[in-house]
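The sequence and the coordinates should be kept in view while reading.

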Amino acid sequence: MPFPDTHDAALLVGIPAVDNEHAELMSEIGRLIGPPAVPLDSERFSEVISRLGRKLAEHFEHEEAIIARCGLRADEA
């Protein structure tokens, strides 16, 4: 089972693109914490952390764009 269960309706925001990004991000986190857990000093850990960082940056850009299209400021969301 992924960490957490990305199919849990409580985690869905109702925007398919955002829900998919959340599922991908949680899958990456699941790769880090296992099982089996990835050793912190491994090349695999570095690869996953790098990919996770890139995906997080892209995800927040997407969410900020959605917030702006709704006419809200980021501090209001």
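**Overall composition**

The protein chain exposes about 5,600 Å², of which carbon and sulfur atoms supply 60%; accessible areas come from the Shrake-Rupley method with a 1.4 Å probe, and for residues only the protein chains shown count as cover. The model is predicted, so local features need pLDDT of at least 70 and side-chain atom pairs count only at pLDDT 80 or more, while totals for chains, interfaces and linings use all residues. Residues are numbered from 1 along each chain as its sequence is written, and side-chain values use heavy atoms, with hydrogens and water left out.

The protein chain has 2 helices and 0 strands; helices (H or I, at least four residues) and strands (E, at least two) are DSSP runs, numbered from the N terminus. Of the 77 residues in the protein chain, 19% are buried, where buried means under 20% relative accessible area, exposed over 50%, and partly exposed in between (1.4 Å probe, protein chains only). Among contacts (heavy atoms within 4.5 Å) in the protein chain between residues at least 6 apart in sequence, 37% join residues at least 24 apart.

The buried residues of helix 1 are Val-18, Asp-19, Glu-21, Leu-25, Glu-28, Gly-30 and Leu-32, and they pack against helix 2. In helix 2, the buried positions are Phe-45, Val-48, Leu-52, His-59 and Ile-66; helix 1 is included in what covers them.

**The nonpolar core**

A nonpolar core is a set of buried Ala, Val, Leu, Ile, Met, Phe, Trp, Tyr and Cys residues joined through side-chain atoms within 4.5 Å. The largest one here has 6 residues in all: Leu-25, Leu-32, Val-38, Phe-45, Val-48 and Leu-52. Helix 1 (16-33) and helix 2 (43-69) each supply at least two residues of this core, and helix 2 gives the most, with 3 residues. Within this set, Val-48 is in contact with Glu-28, Arg-31 and Leu-32, when its neighbours within four places in sequence are left aside.

Leu-56 is also found in helix 2, but at 31% relative accessibility Leu-56 counts as partly exposed. The C-alpha atoms of Leu-56 and His-22 are 9.3 Å apart in space, although 34 residues separate the two in sequence.

**The charged network**

Side chains of opposite charge can pair when their charged atoms come close. The structure holds 4 salt bridges, each a side-chain nitrogen of Lys or Arg within 4 Å of a carboxyl oxygen of Asp or Glu. Which residues form salt bridges with Glu-28? One partner is Arg-31, with the closest N and O atoms 3.5 Å apart. Because Glu-28 and Arg-31 are 3 residues apart in helix 1, they are separated by about one helical turn. Glu-28 counts as buried because its relative accessibility is 3%, whereas Arg-31, at 38%, counts as partly exposed.

Glu-28 also forms a salt bridge with Arg-51, the closest N and O atoms being 2.8 Å apart. This pair links distant parts of the chain, with Glu-28 in helix 1 and Arg-51 in helix 2, 23 residues apart. Arg-51 counts as partly exposed, at 24% relative accessibility.

A further partner of Glu-28 is Lys-55, and here the closest N and O atoms are 3.2 Å apart. Lys-55 lies in helix 2 and Glu-28 in helix 1, so the pair ties together parts that are 27 residues apart in sequence. The relative accessibility of Lys-55 is 24%, and Lys-55 therefore counts as partly exposed. Through salt bridges that share partners, Glu-24, Glu-28, Arg-31, Arg-51 and Lys-55 are joined into one network.
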